[in-house]
Amino acid sequence: MAAGTAAALAFLNQECRARAGGVGGLRVPAPVTMDSFFFGCELSSHTRSFTFKVEEEDDTEHVLALNMLCLTEGAKDECNVVEVVARDHDNQEIAVPVANLRLSCQPMLSLDDFQLQPPVTFRLKSGSGPVRITGRHRIVCINNDLSEEEDSEDEDSEEEEIKLCGILPAKKHRARP
C-alpha cells in the first residue's frame, strides 16, 4: 500500500511539474487544443450526395467521426445503400459502401466513431431514404507559436507561485517571567 501511494505521489509531482513548464528543465511540447462539433446530414431521393470538406489551415487536423446512420420518417421498406467516397493512403479516391439499411430489418447502424479525413462524400447509392448521418467534427490545433502574452502570463504565474510557496521566518516570542 505504501509503495502504491509513493508511486501515485511521484506521478502527481511529475504531472504538476509538467504543467508548471517542464520536467527536468525541458519545456513541454506546444499546447494542443481540441474542439468537437456535432455533424449531421440527410440523404434522400432529392439530395443523393453530401460532401463534407474543410478549409486548409496551418497546424490543424480535421477528423470526421461517424456515430450513426438511420432511416428517418417517411422511409420506405427498401434497401438503402450508403456509400462513402474518400481518399486512401495513396491519395487515390475510393468508394466503399458502409451501410445497407432496410426499415423492416435494420433501420439504423452504429458506426462507433468511424473516423474519416475530409474531404468525404456520402452517397445514397440505392433506395430513396431519407437516411440521417450523424457524428462529430473534431479539430485538433497545435499551437507552435508562443506569443509574448502567454510568456508574460507564465512569468506572472511563476512569481505568484513563489509568493505563495515562500517560507516565512519564525516569529520570536518574548520570554515570559
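Predicted model: local features only at pLDDT ≥ 70, side-chain atom pairs only at ≥ 80, totals over all residues.

**Starting from one arginine**

Arg 138 counts as buried because its relative accessibility is 14%, where buried means under 20% relative accessible area, exposed means over 50%, and partly exposed lies in between, with a 1.4 Å probe and protein chains only. Residues are numbered from 1 along each chain as its sequence is written, and side-chain values use heavy atoms, with hydrogens and water left out.

Where does Arg 138 sit? Its place is in strand β8, residues 131–142, and here strands (E, at least two residues) and helices (H or I, at least four) are DSSP runs, numbered from the N terminus. Setting aside neighbours within four places in sequence, Arg 138 is in contact with Met 34, Asp 35, Ser 36, Glu 61, His 62, Val 63, Ala 65, Asp 113 and Gln 115, contact meaning heavy atoms within 4.5 Å. With one of these, Asp 113, the side chain of Arg 138 makes a polar contact, side chain to side chain, at 3.2 Å. A polar contact is a pair of N or O atoms within 3.5 Å; within protein, one must be able to donate a hydrogen and the other to accept it, and residues adjacent in sequence count only if both atoms are side-chain atoms.

**The sheet around it**

Let me widen the view to the sheet. Strand β8 belongs to an open sheet of 4 strands in the order β1-β8-β3-β6, with antiparallel pairing, two strands being paired if DSSP finds at least two bridges between them. At the edges stand β1 (32–43) and β6 (108–116), each with a single partner strand, so one side of each has no neighbour in the sheet. Between β1 and β8 the antiparallel pairing extends over 12 bridges, and within it Thr 33 stands opposite Cys 141 in β8.

**Salt bridges**

Next come the charged pairs. A salt bridge here is a side-chain nitrogen of Lys or Arg within 4 Å of a carboxyl oxygen of Asp or Glu, and by this rule the count comes to 5. One of them joins Glu 42 to Arg 132, with the closest N and O atoms 3.5 Å apart; since Glu 42 lies in strand β1 and Arg 132 in strand β8, the pair ties together parts that are 90 residues apart in sequence. Glu 42 is partly exposed at 34% relative accessibility, and Arg 132 is partly exposed as well, with a relative accessible area of 30%.

Another salt bridge brings us back to Asp 113, which pairs with Arg 136, the closest N and O atoms being 3.2 Å apart. This pair links distant parts of the chain, with Arg 136 in strand β8 and Asp 113 in strand β6, 23 residues apart. Salt bridges that share partners join Asp 113, Arg 136 and Arg 138 into one network.

Now to strand β4, residues 80–87, where 7 of the 8 residues are buried, so the strand is largely enclosed by the rest of the structure. How many bridges join β4 to strand β5, residues 93–101? There are 8, and the two strands run antiparallel, with Ala 95 in β5 as the bridge partner of Val 85. The hairpin of β4 and β5 has 5 residues between the strands, and in this hairpin Asn 91 takes a positive phi near 65°. Strand β4 is also joined to strand β7, residues 120–126, by 5 bridges, again running antiparallel, and there Val 82 stands opposite Leu 124.

**The whole chain**

To finish with the overall picture, the protein chain has 2 helices and 8 strands, and from the N terminus on its elements run α-β-β-β-β-β-β-β-β-α. Of its 177 residues, 24% count as buried. Among contacts between residues at least 6 apart in sequence, 79% join residues at least 24 apart.
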